[in-house]
Amino acid sequence: MKILEVDDNPDIIKFVELTVTSMGHEFSSADNGKDGLKMIQENQYDVVLLDLSMPEFSGLDVIDELNSKNLMKNQKIVVFTASSASDTSIEELKNKGIHSYLSKPIDIDSLMEKINDLEKSL
């Protein structure tokens with residue numbers, strides 16, 4: 001699969017890159033929301049791993065911008081959140097078109113399981 005990660009934390013990007021590439025997938029990354037949005041608009045990814053909490057242009061901004069351009073339906077977005085997200089906020093994100101979410105700190109087994117599940121659904 002072709003996987004994009006959009007996250008402002010270089011340690012998390014490296015961790016996810018090592019995990020994803022060890023599973024045999026192609027990996028790209030952006031360290032901010034604006035660059036991530038541009039990459040999503042210019043390329044087709046099987047999965048986008050998106051951090052919600054980034055300065056200046058957050059993951060929520062990316063989702064809202066994709067929705068405004070009617071591009072969410074083409075994406076499988078898994079959001080990362082460090083905060084404890086309520087069921088209501090997760091449901092709101094799903095209504096906006098995200099596929100699912102993972103809590104930070106990222107657990108390698110949960111990440112691998114999520115990627116395997118997404119791969120099966122392609």
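With which side chain does the side chain of Lys-104 make a polar contact at 3.2 Å? One such partner is the side chain of Asp-51, at 3.2 Å, where a polar contact is a pair of N or O atoms within 3.5 Å, one of which, within protein, must be able to donate a hydrogen and the other to accept it, while residues adjacent in sequence count only if both atoms are side-chain atoms. The side chain of Lys-104 also makes a polar contact with the side chain of Asp-7, again given as 3.2 Å.

Before going further, note that this is a predicted model, in which local features need pLDDT of at least 70 and side-chain atom pairs count only at pLDDT 80 or more, whereas totals for chains, interfaces and linings use all residues. Residues are numbered from 1 along each chain as its sequence is written, and side-chain values use heavy atoms, with hydrogens and water left out.

Lys-104 is found in the loop between strand E5, residues 100-103, and helix H5; helices (H or I, at least four residues) and strands (E, at least two) are DSSP runs, numbered from the N terminus. Lys-104 counts as buried because its relative accessible area is 18%, given that buried means under 20% relative accessible area, exposed over 50% and partly exposed in between (1.4 Å probe, protein chains only). In the loop between E5 and H5 we also find Pro-105, and the peptide bond that joins Lys-104 and Pro-105 is cis, with omega about 0 degrees.

Leu-102 and Ala-82 are 20 residues apart in sequence, and their C-alpha atoms are 8.8 Å apart in space.

Asp-117 gathers with Asp-107, Asp-109 and Glu-113 in a patch of negative charge on the surface.

Glu-56 lies in the loop between strand E3 (47-51) and helix H3 (59-68), and its phi is near 70 degrees, a positive value in a residue other than glycine. Glu-56 is exposed, because its relative accessible area is 83%. Asn-70, which is found in the loop between H3 and strand E4 (77-81), is not a glycine either, yet has a positive phi of about 60 degrees.

Notes: Patch = residues over 30% accessible without salt bridge, like charges linked within 9 Å, V, L, I, M, F, W, Y side chains within 5 Å. Areas by Shrake-Rupley, 256 points an atom, 1.4 Å probe, with all protein chains shown as cover. Salt bridge = Lys/Arg side-chain N within 4 Å of Asp/Glu carboxyl O. Lys, Arg positive; Asp, Glu negative; His and termini not counted. Charge placed at Lys NZ, Arg CZ, Asp CG, Glu CD.
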